[in-house]
Amino acid sequence: MNKDLLIEIGMEEIPSRFIRDAVNLLEKKIKEWLTESRIEFSSTKIYATPRRLAVIVNDVSPKQSDLRSEVKGPSKKIAQNDQGEWSKAALGFARSQGVEPSSLFFKELNGVEYVYAVKNEIGIETKNILSEGISKIITSMVYPKNMRWGKYDLKYVRPIRWLVTLYGDQIIPMEITEVHAGRKSRGHRFLGGDVNINLPSTYISQLKAEYVYADIEERQKLIVEQIEALAQDKNWLISVKEDLLEEVLFLVEYPTVLFGSFQPEYLEIPQEVLITSMREHQRYFPVFDKNKKLLPHFVTVRNGDKKSLDVVARGNEKVLKARLADARFFYQEDQNFPIEKALAKLEKIVYHEELGTVGDKVRRIRLISDQISKYLSTDDKVNEQVTRASTICKFDLVTQMVYEFPELQGVMGEDYALKAGEDPVVSRAIFEHYQPRFSGDSSPKSMVGAIISIADKMDSIIGCFSIGIIPTGSQDPYALRRSAAGIVQIILDHDINLNLSNLFEICIEVYEENNLLKTEISDLRSKFLEFFSLRIKNVLTDMNLRYDVIDAVMETDINNIPSVIRRGKALMDFVEQSNIKLIIESFNRVNNLASKADNKIIKQEYFEEIVEIELFNMWEQMHPSLIEKLDASLEFEALEMLKQLQAPITAFFEKVMVMSENEKLRRNRLALLANISSDIIKIADFQKIVL
Amino acid sequence: MNFQNMILTLQQFWSEQNCIIVQPYDVEKGAGTLNPMTFLRSIGPEPWNVAYVEPSRRPADGRYGENPNRLYQHHQYQVIMKPSPDNIQEIYLKSLKKLGIHAEDHDIRFVEDNWEHPALGAWGLGWEVWLDGMEITQFTYFQQVGGIDMNPVAVEITYGLERLASNIQDKENVFDLEWVKGVKYGDVFLQPEYEHSKYTFEISDTKMLFTLFNMYEEEAKKSLEQNLVFPAYDYVLKCSHTFNLLDARGAISVTERTGYITRVRNLSRLCASTYLQERERLGFPLLKDEGVSSNE
C-alpha cells in the first residue's frame with residue numbers, strides 16, 4: 001500500500017533569506033532521488049519555518065518498480081561463428097549478465113548487429129533504501145553560507161537539532177551529527193512543546209496544536225489578513241513591501257500583528273529616514289494615512305500570541321524612539337554644517353588609491369558633465385545647473401545621517417541642499433545622479449540629473465578600466481556593470497544624441513589632463529566598447545528579439561545606442577514577415593561581392609546590360625530617401641524600401657557576370673554593389689540572419 | 001532587577017553550567033572577545049568553558065555622557081563554551097528567565113547576524129538576539145580565530161548588559177539605570193564618560209599615540225620571538241586600543257586605516273598560531289583535565 005513520507009530537518013534559527021530556496025532544494029532533491037530510485041509517488045508539498053525545513057511526499061510506493069533493461073554485448077561477428085555457435089566472448093557475456101546463452105538475441109545498432117541480453121531487476125522494498133537515500137539528501141543540501149558546530153565535521157546552514165523522518169507511521173532510522181531521527185518534533189519555542197508526529201498526514205495539525213504554522217502560504221495569509229484588519233480598523237494605509245513580508249514570514253512560527261507609536265514631533269525628520277529606520281533596521285511596516293502621509297505609528301509581527309502585547313509594543317517603541325532621537329540629532333547637526341565645509345571634507349576621503357580622493361572624483365565629474373552639456377548644446381540655464389549640481393553632488397557623503405544610513409545618499413543631499421537654498425533642479429540632481437540605483441529603477445527625470453549621472457558613471461568606468469579593474473565573472477566590486485547599464489538606460493530614456501565614442505573621448509581628455517591615464521588609449525577604447533556592447537546586447541535580449549537579429553545588429557556600428565535599439569526592433573519585425581528569404585539572400589549576394597570592391601566610383605558609361613542600369617537607377621532613386629528615413633529614425637520603413645531592390649538584384653545576378661575579364665566593367669559592377677551594400681549595412685549585417 | 005544583581009545572577013547561572021568565572025582582564029579592549037580568555041583559549045582542541053564581565057571601551061562611541069544610549073565604555077557579559085553544547089540556545093534562554101525575562105511576555109527572536117573582526121582574523125556565524133525589537137545579545141559560533149579553523153567549535157554569547165537592563169528596568173536613559181538601590185549608573189559612570197570623551201576627541205596627543213603604537217608593536221614582536229604569547233598578546237591589545245583612540249580622533253585616513261588593521265591582524269595571527277604551538281608543546285593539558293571539561 002502506498003504511504004506518505006515526511007522529512008523534517010529541525011535546526012537552530014535558519015537565516016530567513018535562505019529558507020525558501022533551501023526548502024525548494026530539499027523538495028527537488030527528494031523528487032529526483034525517488035525518480036532515480038524508481039519509487040513512484042503522486043505529489044509533494046513543502047513546509048518551512050525559521051526552525052524547520054520539511055517536505056511531505058504523498059502516496060509513495062512501497063516497492064521500487066521492476067527494471068527491464070537490455071544490455072549490449074559483443075558484435076554478432078565476434079559472438080557467433082559461421083555455424084551459429086556461441087563464441088567464448090558471447091558465453092562470457094551471458095555469464096556476466098546472469099542469463100542463459102539461449103536467451104541472448106541480436107539487434108542492429110548503426111548498421112552493425114550486436115548480441116543483447118535482457119536483464120530484469122526486481123524492485124526492492126522502499127523502506128529498505130529510504131534510510132540511506134534520505135540521509136544522503138539531508139547531508140548533501142547546499143546553502144549559501146555554512147558553519148560547523150560542536151565537534152562535528154558537517155558544514156551546514158545552522159546546527160541540526162532534531163530530525164523527523166516517517167514513512168507512513170514508521171520511523172526511517174538514521175543519525176546525523178549524533179541526532180537520531182525519530183518522530184519527535186518541536187513546537188513553538190515558548191508557547192508549544194515537543195510533539196510525537198503520528199503520521200505525515202497529521203504533521204501540520206499536530207504542529208499547529210503546538211503553536212507552529214508550518215504551512216508557508218497559510219502563515220503568510222495570517223500575517224496579511226491581520227495587517228489588513230488593523231488597517232481597516234484604524235483607517236490606515238500599511239505599506240507592505242514584498243521583500244520585508246518575505247523576511248518577516250521566515251522570522252516567525254506563530255505570527256501576531258501589533259502596532260506601536262512614536263512621538264509626532266519626529267515626523268519633522270524626512271520621511272525616507274523614518275521609513276529606512278523602521279523598515280531596514282527594525283523590520284517594521286510603516287503606516288500612512290489615506291493621503292499617503294506618514295503617520296507616527298508602525299506595525300510589527302511578533303513571534304507569539306496575544307499575551308502581554310502591550311509589553312512587546314512598549315519595548316519596540318523604546319527601541320525605535322532611541323533610533324529616531326539619534327536620527328533627529330544627526331539631522332539637526334547636519335543642517336548646521338555648510339555645504340562648502342562638507343566639500344572640503346571630501347578631499348580627505350580616498351576613493352581609490354590610484355584615482356585620488358572623492359574630491360578628485362567630483363572635480364572630474366564636473367569637467368565631464370560640462371563637456372557633455374557643451375556637446376549637447378543645452379541652454380545656459382541648464383549648463384549653469386549642471387556645473388553647480390556636479391560640484392556638490394557628493395557633499396552629503398560626509399554628513400552624519402549618511403554615515404549612519406548609507407542607503408540615504410542622495411536623498412539627504414537633496415533635502416539638505418534645498419534647505420541651504422540651492423536651486424530645486426540642482427538639489428534634485430543630487431538625488432538623481434545615483435539613478436538608476438538598481439535594475440528596474442527609473443532614470444533621472446531632469447536633463448541635469450541625467451548628464452551628471454552619466455558623467456559619474458563614466459568616470460567610475462574609465463577610471464577603473466584605466467587602472468586595470470575590469471569586471472570578471474562575479475567580481476565587480478565597483479558595480480561597473482550596473483553603471484554601464486545605467487548609462488545605456490539613461491541615453492535611451494532621454495533619447496540623448498551622444499555617441500559612445502564621443503563620450504569616451506570626453507572622458508579620456510579629462511583623464512589625460514589629470515595625468516591619470518595608465519593604459520594605452522586604443523586598448524582602453526576596445527575594452528570600453530566591448531564592455532558596452534554586452535550591456536546593449538542585454539537590452540536587446542530583454543526585448544525578446546531573436547538571437548540572430550541581435551547578432552545582425554550588433555555587427556554594425558553600435559556607437560549610437562538609440563539607433564541600435566530601433567534597428568533591432570525594426571529588423572525583428574522585418575525578418576518575421578513571410579517571403580523574406582529571397583530578399584535577404586539577395587542582400588547577402590550583394591554584400592559578399594561588395595567586399596571585393598576597391599572603390600565606390602560608378603561610371604554609367606561602363607554599364608553594358610540593361611539590368612545593370614535598372615539596378616543602378618533603382619538604387620540611385622532610392623538612396624536619398626533611404627538616408628532621409630534613417631535620419632528620421634524610421635528604420636522599419638527604410639528596410640521596407642530596401643525590399644524593392646530584391647527583383648533588380650536577382651535579375652542582375654542572373655544576367656550579369658560580375659567578375660568579368662574586362663577590368664573596367666568588373667570594377668564598375670563591384671562599385672555599384674559596394675554602394676548598395678553600404679546602405680544595407682547601415683541597418684544590419686544580414687549574413688547573421690538564420691534563414 | 002538592579003544592574004549589580006543582573007551580574008550576580010549571570011555569574012551564578014553560568015557557574016552552574018560548569019563555566020569557570022574569571023575577572024575582567026586588566027588591559028583596555030573594545031570587546032570581551034579580545035580578552036585572552038576568549039581569543040586565545042578558544043583556539044585548539046582543549047575544552048574550555050568560561051564566563052566573565054568585560055568593561056569594553058569604544059572611544060568613537062563616546063558622547064560626553066549626553067546621549068541616552070551611546071557610551072565610551074559599556075559592559076558585556078561574555079560566555080565561551082567549547083565545544084558548543086547541543087542545547088546552548090535553551091541554556092541561554094534559561095539565563096534570560098533567571099533575569100526575570102519571561103519569554104511568553106516578550107518577543108524574543110534569533111535574527112541572522114554574522115560576526116567578523118578583521119583585525120583579529122576572526123569570524124563566526126550566528127544571530128543577534130532581539131528582545132522586543134532590541135538587540136540584547138550577540139550569539140556566535142566561532143569558525144575562525146586568528147586565522148585558525150575552530151576544532152572543536154566554540155560558541156560565544158555576549159550580553160549587552162546596559163541594553164538588557166534598560167528593558168528589565170524599563171528605562172530610556174542608560175544613566176538612569178539602577179546599579180544598586182540608591183546608586184544610579186550615572187552616579188558611577190557619568191563623569192568618566194564625559195572626561196574620556198573630552199580626552200578622546202579633544203585632548204589626546206596624536207603624536208604620542210602614534211609613537212606608542214609603534215612601541216607596542218615592537219614589544220609584541222619581541223615577545224613573540226621568545227614564544228611568550230600572553231605578554232605579546234597584551235601588547236597587541238594595547239596596539240588595538242591605541243588605534244581606536246587615533247581613529248576616534250580622526251587622525252587616521254582611510255588609506256592608512258587598512259595598513260594599521262593589517263599590522264594588528266598580522267600580530268594577532270602570530271599570537272594565535274604561537275599559542276596553539278605552545279599548547280601542543282605542553283601536551284594540551286586541559287584535554288586530560290576532567291574538571292574543566294565536565295560538560296563533555
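Reader: How far apart are the end C-alpha atoms of residues 586-676 of chain A?
Author: They lie 11 Å apart. The span is 70% helix and 0% strand. Helices here are DSSP runs of H or I with at least four residues, strands are E runs of at least two, and both are numbered from the N terminus.

Reader: What does UniProt place at residues 586-676 of chain A?
Author: The feature "domain: DALR anticodon binding", from an unreviewed entry. UniProt positions follow the numbering used here, feature names are shortened, and annotations may be inferred rather than shown by experiment.

Reader: What sort of model, and how is it numbered?
Author: This is a predicted model: local features need pLDDT of at least 70, side-chain atom pairs count only at pLDDT 80 or more, and totals for chains, interfaces and linings use all residues. Residues are numbered from 1 along each chain as its sequence is written, and chains are lettered from A and ligands numbered from 1 in the order in which they are written.

Reader: Which domains does the assignment give for chain A?
Author: Domain 1 (3-63 + 126-209), domain 2 (67-121), domain 3 (216-335), domain 4 (353-398 + 410-542) and domain 5 (561-688). The bounds come from an automatic or database domain assignment. The C-alpha centres of domain 2 and domain 3 of chain A lie 74 Å apart.

Reader: Now the sheet with β4, β6 and β5 of chain A. Which strands stand at the edges?
Author: β4 (67-75) and β5 (105-109) of chain A. Each has a single partner strand, so one side of each lacks a neighbour in the sheet. The sheet is open, with 3 strands in the order β4-β6-β5 and antiparallel pairing. Two strands pair if DSSP finds at least two bridges between them.

Reader: How many bridges join β4(A) to β6(A)?
Author: 7, and β6 covers residues 112-121 of chain A. Glu70(A) stands opposite Val118(A) in β6(A).

Reader: And the sheet with β13 in chain A?
Author: That one is open too, with 4 strands ordered β13-β15-β16-β14 and antiparallel pairing. β13 (237-238) and β14 (255-261) of chain A are at its edges, each with a single partner strand. α9(A) packs on the sheet and touches β14 and β16 of chain A. Its direction makes about 50° with that of β14(A). Axes are lines fitted to C-alpha atoms, for helices over the stretch in contact, and angles run from 0 to 180 degrees between N-to-C directions.

Reader: Which residue is the bridge partner of Pro286(A) in β16(A)?
Author: Phe298(A). In total, 3 bridges join β15 (residues 285-288) of chain A to β16(A).

Reader: Switching to the interface. How many residues of chain A are in contact with chain B?
Author: 32 residues of chain A, with 30 residues of chain B. Contact means C-beta atoms, placed from the backbone, within 7 Å. α9(A) gives the most to the chain A side, with 7 residues.

Reader: Last one: why does Asp573(A) count as partly exposed?
Author: Because Asp573(A) has 14 C-beta neighbours inside 10 Å. Buried takes 20 or more other C-beta atoms within 10 Å, exposed 12 or fewer, and partly exposed is in between, with C-beta atoms placed from the backbone. Asp573(A) sits in helix α21 (residues 561-575) of chain A.

Methods:
Contact = placed C-beta atoms within 7 Å.
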